[in-house]
Amino acid sequence: MKRRVSHLILAVAMVLAALPLSAAAADLQESVNAFLSALPADFETVAGKTMAAKQNAGEEVFVLDVREPDEYKAGHIEGAVNVPLRVLAQQLPNLPANKGASIAVVCKSGIRAAYATMALRLLGYTNVKDVVGGMLAWEKDGLPVAK
Amino acid sequence: MFRKRSIGVLALAMVFGLAGLGSTAVESPAAWEAAAAYLAGLPEGFNGIKGDVLKAKLESGEQIFLLDVRQPNEFAAGRIEGALNVPVREVPKALDRLPAAKDAPIVVVCASAVRSGYVAMALSFKGYSNVKHLAAGYIAGWEKAGYPVVK
């Protein structure tokens, strides 16, 4: 009898555990598919020159540098906040509280910034751009580098 | 009559135009969790494959599924031989054109390794376990390096 009850409890628990999981999976795919299929014409990128011009015009842009600390130290965009890509999820308090804030993500060549851009969009930020070509393009364009 | 219709068309166009201005909301806690796990587990090189390494693998006959996610006009202007073109926005609708085996080696290609990063991450969420992207993209990572292209 006792065993039967415990089997029943186990079965109910398994069903309950499975329910939110499947709901979450559908949600995950819907969200990722929506991100891809609704990408704007710029594919969420901004040229370094355009970003620098916006900042010079007084527009507030939160520059997020997702490279490793040693890369950041070797030269970065003035005012950029360094959060290495792999620890982004642990350092969310360092990001703007306002999900509509203008964020420009930069790395060395643009790929790490692409991952971070997509991740932040899935987190709910609505105004995130990948600085296309990363710091390599930034420096090539002769834009100012802080050390 | 014609004027009324054209005003209607204009109003519709404005509504669609406005809708296109901001980025579509795609927020989802489950998706963020998956993204956070993906970021935390990224290997050295961040799943990039350099052009010379890809070229050597292709030349040695290794079976690699090349997925070029650029727009059709970019693809037509030059591409790696054998690549399948699925523009990034159409990837969710074209999953049946990808390899059935979830561990098949896939290399995603775009112009400058932004779109390919999005797709590499998205495919990992869909269960693909061996997805890389062409580092630096088609232009800097392949074409400028002088590797063979087809037009």
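Visitor: What should I know before I start?

Guide: This is a predicted model, where local features need pLDDT of at least 70, side-chain atom pairs count only at pLDDT 80 or more, and totals for chains, interfaces and linings use all residues. Residues are numbered from 1 along each chain as its sequence is written, and chains are lettered from A and ligands numbered from 1 in the order in which they are written.

Visitor: What is the mean pLDDT of chain B?

Guide: pLDDT is the predictor's confidence in each residue, from 0 to 100. Chain B has a mean of 88, and 84% of its residues reach 70 or more. Residues 12-22 of chain B stay under 50. For the complex, the predictor gives an ipTM of 0.83 and a pTM of 0.84.

Visitor: Is Tyr118(B) buried or exposed?

Guide: A residue is buried if 20 or more other C-beta atoms lie within 10 Å of its own, exposed if 12 or fewer, and partly exposed in between. Tyr118(B) has 27 such atoms within 10 Å, so Tyr118(B) is buried. Tyr118(B) is found in helix H5 of chain B. Leaving out residues up to four places away in sequence, Tyr118(B) touches Leu36(A), Ala114(A), Met118(A) and Val88(B).

Visitor: What is the strand order of the sheet in chain A?

Guide: Strands of a sheet pair through backbone hydrogen bonds, either parallel or antiparallel. Here five strands form an open sheet in the order S1-S5-S4-S2-S3 (chain A), with parallel pairing. A strand is a DSSP run of E, at least two residues, and two strands pair if DSSP finds at least two bridges between them. Strand S1 (45-46) and strand S3 (81-82) of chain A are the edges, each pairing on one side only. Four bridges join S2 (residues 62-65) to S4 (residues 103-106) of chain A. Asp65(A) has Val106(A) as its bridge partner in S4(A).

Technical notes. Two residues are in contact if their C-beta atoms, placed from the backbone, lie within 7 Å.
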